[in-house]
Amino acid sequence: MGEEIGHPALAGGAWPVIGVRVRREGRGLRAASWRPAPYTVLEDVLLPCTWAELEGLARIAVGQSRARVYVRELADAGPLLVLCLRGAPGAVQVEGPLAPVAEPLAARTRAAVLRVAAVHRAAGRTGQPRCGGRGPARS
């Protein structure tokens, strides 16, 4: 088992984002929406950096999956948010139709896949990389 790589955005690297309207309550995330909704603010939300999540987002964006997209706070990153799939701790479902953002989501997911591959190649890792605080990498 190799060591885990944290989300590349935490090291100051450029990483694909997509706009999601979110509502916070105190320090927590309360709601998220693709379109304007009461008491929400448009924020740039990072795409994830794990193969499984990126593959799931790609399938959703191109209509091969009807799964829902969620957003959660990036562990130990303060106010940074990241897209995720169902089951992530603290995740809030992004409400509203995906159709208006499907094309940009697909393009940014492709960009994230290329960048995560480059990060792992630079770190001398092969296989299916994992990053972002979700357990040890497998090689």
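This is a predicted model: local features need pLDDT of at least 70, side-chain atom pairs count only at pLDDT 80 or more; totals for chains, interfaces and linings use all residues.
Visitor: What makes the contact between Arg24 and Glu43 a salt bridge?

Guide: The side chains of Arg24 and Glu43 come to 3.1 Å, N to O, and since a salt bridge requires a side-chain nitrogen of Lys or Arg within 4 Å of a carboxyl oxygen of Asp or Glu, the pair qualifies. This pair links distant parts of the chain, with Arg24 in strand E1 and Glu43 in strand E3, 19 residues apart.

Visitor: Why is Arg24 called partly exposed?

Guide: Its relative accessibility is 29%, and because buried means under 20% and exposed over 50%, a value in between is called partly exposed.

Visitor: Which residues make up a network of salt bridges?

Guide: Arg24, Glu43 and Glu73 are linked in such a network. Besides the contact with Glu43, Arg24 forms a salt bridge with Glu73, where the closest N and O atoms are 3.3 Å apart. Here too the pair links distant parts of the chain, as Arg24 lies in strand E1 and Glu73 in strand E4, 49 residues apart. Glu73, at 30% relative accessibility, counts as partly exposed.

Visitor: What makes E1 and E2 a pair of strands, and in which sense do they run?

Guide: DSSP must find at least two bridges between two strands for them to pair, and E1 and E2 are joined over five bridges in the antiparallel sense. Arg24 stands opposite Leu29 in E2, and in the hairpin of E1 and E2, with two residues between the strands, Gly26 takes a positive phi near 65°.

Visitor: How do you know that E2 and E6 pair?

Guide: E2 and E6 share two bridges in the parallel sense, and at least two is what the criterion asks for. Ser33 stands opposite Glu95 in E6.

Visitor: Which residues touch the most other members of the largest nonpolar core?

Guide: They are Trp15, Ile18, Val20, Trp34 and Leu83, out of 31 residues in that core. Among the elements that each supply at least two residues are strands E1, E2 and E6, while H2 gives the most, with six residues.

Notes: Residues are numbered from 1 along each chain as its sequence is written. Side-chain values use heavy atoms; hydrogens and water are left out. A nonpolar core is a set of buried Ala, Val, Leu, Ile, Met, Phe, Trp, Tyr and Cys residues joined through side-chain atoms within 4.5 Å. Buried means under 20% relative accessible area, exposed over 50%, partly exposed in between (1.4 Å probe, protein chains only). Helices (H or I, at least four residues) and strands (E, at least two) are DSSP runs, numbered from the N terminus.
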